[in-house]
Protein chains: 2
Amino acid sequence: MKLYGYFRSSAAYRVRIALNLKGLDYDQIAVDLTGGEQRGADNLARNPQGLVPTLETDSGTRLTQSLAICEYLDERHPEPPLLPADAEGRARVRALAQLIACEIHPLDNLKVLKYLTGVLGLDETAKLGWYRHWIAEGFEALEALLVDSSDTGAFCHGDTPTLADACLVPQVFNARRFECDLSGYPTIRRIAARCDTLDAFQRAAPGAQPDAR
Amino acid sequence: MKLYGYFRSSAAYRVRIALNLKGLDYDQIAVDLTGGEQRGADNLARNPQGLVPTLETDSGTRLTQSLAICEYLDERHPEPPLLPADAEGRARVRALAQLIACEIHPLDNLKVLKYLTGVLGLDETAKLGWYRHWIAEGFEALEALLVDSSDTGAFCHGDTPTLADACLVPQVFNARRFECDLSGYPTIRRIAARCDTLDAFQRAAPGAQPDAR
């Protein structure tokens, strides 16, 4: 398989974690988001949204959207599972993942920040305020969901990593990069720290990628 | 089952479509988003994000995040399916759904528009420009993905409605409400029009809800 990604892309980071947890081999091809390569003809041909990641399977099928790719990997390579066995548990893990992927990350990604400073002419302070606002709002709810549930274990759901952890860790990485105050989210920090002890997460980290700089 | 929603919430609209396609009965409880009820204690207790929808199952489990709820319904009530049988097809449908749910809708929902006009002090023109920008960017990619694939049929994937259509129709409804120019997206319009001929979609429409006004 080939993963078209970018070392600091949160969505590509999720897929790297999933691939590593499954013990799957993959080649990485870097798409330089800061250089605008995502809007180039090559990347648009494989990903009409002009985004990363794209996963090209061994049969040549190109898959987009990180959560859809992770679910595909889980269906094709069921062990170890990224989702619990019971429908309620699966719904909880997907909801935690989507809280991040549909509520926090879309507001704080590169194209949105560029719109804020470009089209809207916001300064750095207003941009940072925006970034941190959505991190805080999302993490507050996520922390509550984690604290309130007996399903939370060493990881977001039980004692093995799931799709929720594959979303949590990249979002925490990004939040730290933008110097967000995470002191109010002890459960999020505890789970992220636990994930970071695992080889699958360590090898997926931005700094460990071939295009890191 | 009980669905806590709001007639114009895009995410609640998706879940209503899924419930109707499955032929499931549900009671609706309105959470008035314009009146701020979503941030009230009652709603926060059932949905710590302060959002809708929340689906309460007959056993009392509360599920959040519209796509996670739809997947739960599909697992618990497999017929008619909201996802194709093959892994590649499932990945495609999920990616189309997520293109809308993770890339368009999060940028154009109520809380974001409020931040733009409130905290950032944008005027109505700038707000509308923002709204239409993300619709245009997302629909351009979605149209390309639909046109380029032989998997596209009467609906987004084949000739029966899927999770992708349950996301498409509410997003088209919203785009029309904000008077976005949809002339460049004939495939999106064709599929939305086809969906609107089905009873399950008609009964899910905002204007058909008890709290519509």
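1. Buried means under 20% relative accessible area, exposed over 50%, and partly exposed in between (1.4 Å probe, protein chains only). B:Phe139 is buried, at a relative accessible area of 0%. B:Tyr185 also counts as buried, at 10%.

2. This is a predicted model: local features need pLDDT of at least 70, side-chain atom pairs count only at pLDDT 80 or more, and totals for chains, interfaces and linings use all residues. Residues are numbered from 1 along each chain as its sequence is written, chains are lettered from A in the order in which they are written, and side-chain values use heavy atoms, without hydrogens and water.

3. Over all chains there are 15 aromatic pairs (Phe, Tyr and Trp rings, the six-membered one for Trp, with centres within 6.5 Å; planes under 30 degrees apart are stacked, over 60 edge-to-face, the rest tilted). B:Trp130 and B:Trp134 are edge-to-face, because their ring centres lie 5.5 Å apart and their planes meet at 75°. Both are buried.

4. The rings of B:Phe139 and B:Tyr185 have centres 5.6 Å apart and planes at 80°, so this pair is edge-to-face.

5. One aromatic cluster draws on both chains: A:Tyr115, A:Trp130, A:Trp134, B:Tyr115, B:Trp130 and B:Trp134.

6. The contact (heavy atoms within 4.5 Å) takes 40 residues from chain B and 41 from chain A. Between these chains there are 12 salt bridges (a side-chain nitrogen of Lys or Arg within 4 Å of a carboxyl oxygen of Asp or Glu). One of them joins A:Arg90 to B:Glu75, with the closest N and O atoms 2.8 Å apart.
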